[in-house]
Structure formats: structure tokens, C-alpha cells
Amino acid sequence: GEAARGHLKMLVSKIAVVAALGSLAAFTSPSEAFTAPSCVGFGRSVAAQSAVGRIPKLGLSHGAAKAPLAAAPRAQKNGVTGCSMAGYNIDLTGKVAFVAGVADASGYGWAIAKQLANAGCTIIVGTWPPVMTLFERGLKKGFGEDGMLDNGEQMNIEKIYPLDAMFSTADEVDEDTKANKRYAGLEGYDIKSCAEKVKADYGKVDFLIHSLANGPEVTKPLLETSRGGYLAASSASAYSMISMLQHFGPLMPEGGSAISLTYIASERVVPGYGGGMSSAKAQLESDTKVLSWEAGRMYGIRVNTISAGPLASRAAVAIKKGGAGERNYIDYCIDYNIANTPLPKPLYADDVGKTALALCSDLTMAVTGTCQYVDNGMHAMGLTVDSGSFKEYIDRQSGVPWDGWKPDVGAKKLAAE
């Protein structure tokens, strides 16, 4: 009747409004749709938020659409200039990040801490007790350029906590560990005790970074790995993330972010990455999905993992270290990636650091339970162009597109720089 026709008329009107909004959005430049924020973090200004559902403010640019970010400068090779992007202002002042697994200035954990510090975040770290003294000495001496923030100052790590992720609670610490000289004078290095100390000192943790792994038999093929070695790899590299969220989760405000680090060996065969470490990384990625549900519903936080490409960090070099004058296993992995990735260039620690920064920001408030690949695209490859089986065929190819597909393209670019 009349009521039904009136309801249909109203529905058609609503659809027309939505369509009009979509049309306007197509002509809105990013810099106008998301205005520079006036609050901490990636949050948009109040003026840029719709009264309903935080729809970006829409508007035309004087009758002509601007090319989105056309004049924006390209990011520098090994980092961005400052922490600002067109339309956004990353400000994590007042936020606290706990980065577990930092022991030097060469790994991904350090790079993540550095990018968060660039945005004003307070950095505290958990360090494996046997190397804690060495790390503290390094901090006192300074790490030079590796520790320099974009503003020219050295990164400040406000506090270092001893942390052995093999132990969730104090009663799990065995007598051999307690008697170990490298643990002398330290206590409360289990995950629960560490979290309690952080709570007493800071009251909260906004960002939880799991940047640790250990496989005592990583140099052994899986077929030769012992039960003890396999379970130790899983305990240190995968279960530790569960335990950390158990004990740090209650300290995390809603909207917080927890991030771990994984590797492509979790889903592809990487000969030489043994001792159950490939299994541990697969566990970690599976747990990321389940934890995103459970921690999301319980604490309102996001849980993601980053699958990073090879980097010659201290830990990576130790996997299969070459003899005097010989190259290490990780060096070959890096060369292989440069030869075969869609983006034939080295992977920098800061590439992972900046991705983690994004995952901690409000830009990714709806992103959780994911595995973010930061490997120049290596995960997408099904056939490698430097394969000896294809060498004769590839050598015969020339012109477009093959001149840009050859395995030496990345090496030539590096040599020319």
C-alpha cells in the first residue's frame, strides 16, 4: 500500500545519496580526504570525520581532481625523511612499546624500536640475560649511525629488562639456569615476572613486539632433529608469543598492537633452515590467527605477524657461519633474493621497521590476524630466474621484457650506485 511505496521511495533516496558520496570520493585527493591530524597518532582531525561511521570528509578541489600525491618525494633508499607522510602525522608520544629480543643494533627488533622511537614512542626492551651486559655496554658506547633517529639524536632505550622467553613463570626456571654464571645477579627474567615489572614501572604497554626465536638444532635437517631440539624451537619461537600475550595482554589498552616476526620457511621449503624452526614459524603464523580472535575479543588489540626476508643480523649469521674468509649461509640467501625477487634490491631492516610502525598506528586499526610479507615479493615467486636448469634458455633471451628479468639486474643496479 501507501506505506510500502513510501518505504521504497525512502530506500531509493538513500541509495542515491550513497552513490553520490561514492562519486565525490572518486574526485577527492588523499590530502583533502584525510586532513593533518591535531591529535596524537594517525588519528584524523575531528573535521575530517563524518558524524556517522568516521567516513572521510569529502570535497572537490576547485572543480578539478588533483593527481594523488603526485608531487610527493620518493622515500629514501634506507628510510623516510622523518615520520610524516602527506595527509598524516605519525605521533606516538605517550605510547609505550615493549620490544622482546633486542640484543644489538643489527636485527629487526632494533629496527622496529627505532621506527617507533622516530614517532615519539617510549621504548623499553626485553633482552636475553646472557647477552644483557654486552648490550648495555654497547648502548653506553653508542651504536653510531645505527642508533641515530631522523632528528639526529640517538635512540633512547628507557629501560632494559632481563627476559628469557623459555620460561613463562619463575617456577619453570631450572636449577642449571639459576646456577649459570651468565644469569648471576639476575632475577625475574621469566615472562610473567617481566610483565609485572613493566606494569609497576609504566602501568601499560601499547605495543608488544615479539622479535625472538631460537632453535638449538637449527643446523640439522628436520630428519635428524631430536624431540628435545624440536620442542625447544617451538617453545622459544612460537609458544613464547602465546605466553607474552597471556601476561602482557592485560596491560595493553584497547587499540594496541602485538607483532611477531616469521619467515617464508613456514610455508615453503628452505633447505638449511632446520632443527624444527620451519615448524615453529608455521605454528607462530597459525597462532597469530587464533590469538587475533581471542586477544581481540578479550583486550581489543590487534595481532599480526611480519614475514621478513633475509637479513645479515647477528642471529642469522650464527645459523651457518662460514669459516675464515668464507661467506655465511645468510649471505647466499640475500644474493638469491636479490636475483629472484620482483623488486631486485637488498632488503633493509628499516623496511621491516616501517611496516611494524604502520601496524602499530591507527592506519591499520582494522588489520589483524594477518601475515604481512616484507621480502621484496619473494613469497610470490614460483620459479627462480637464476636456476641453473633455465640458464641456457634465459641467456638466449634479450630485449623487452627479458632485459629486466635477468637474474643479474639487481647486482648491476647495486654496482652502479
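Which unit do strand 3, helix 3 and strand 4 make? They make a right-handed β-α-β unit; right-handed means that, with the strands pointing away from the viewer, the path from the first strand over the helix to the second runs clockwise. The model is predicted, so local features need pLDDT of at least 70 and side-chain atom pairs 80 or more, while totals for chains, interfaces and linings use all residues. Residues are numbered from 1 along each chain as its sequence is written, and side-chain values use heavy atoms, without hydrogens and water.

Select strand 3 (residues 96-100) and strand 4: they run parallel and are joined by five bridges. Strands (E, at least two residues) and helices (H or I, at least four) are DSSP runs, numbered from the N terminus, and two strands pair if DSSP finds at least two bridges between them. T122 in strand 4 is the bridge partner of V96.

Next, select helix 3, where eleven of eleven residues are buried, that is, under 20% relative accessible area (1.4 Å probe, protein chains only; exposed is over 50%, partly exposed in between). N118 belongs to this helix (residues 108-118) and counts as buried because its relative accessibility is 17%. A polar atom of the N118 side chain lies 2.9 Å from the backbone nitrogen of D150. After helix 3 comes G120, with a positive phi near 95°.

Return to strand 4 (residues 122-127), which is largely enclosed by the rest of the structure because five of its six residues are buried. With helix 4 (residues 129-141) between them in the selection, strand 4 and strand 5 make a right-handed β-α-β unit.

Methods
A polar contact is a pair of N or O atoms within 3.5 Å; within protein, one must be able to donate a hydrogen and the other to accept it, and residues adjacent in sequence count only if both atoms are side-chain atoms.
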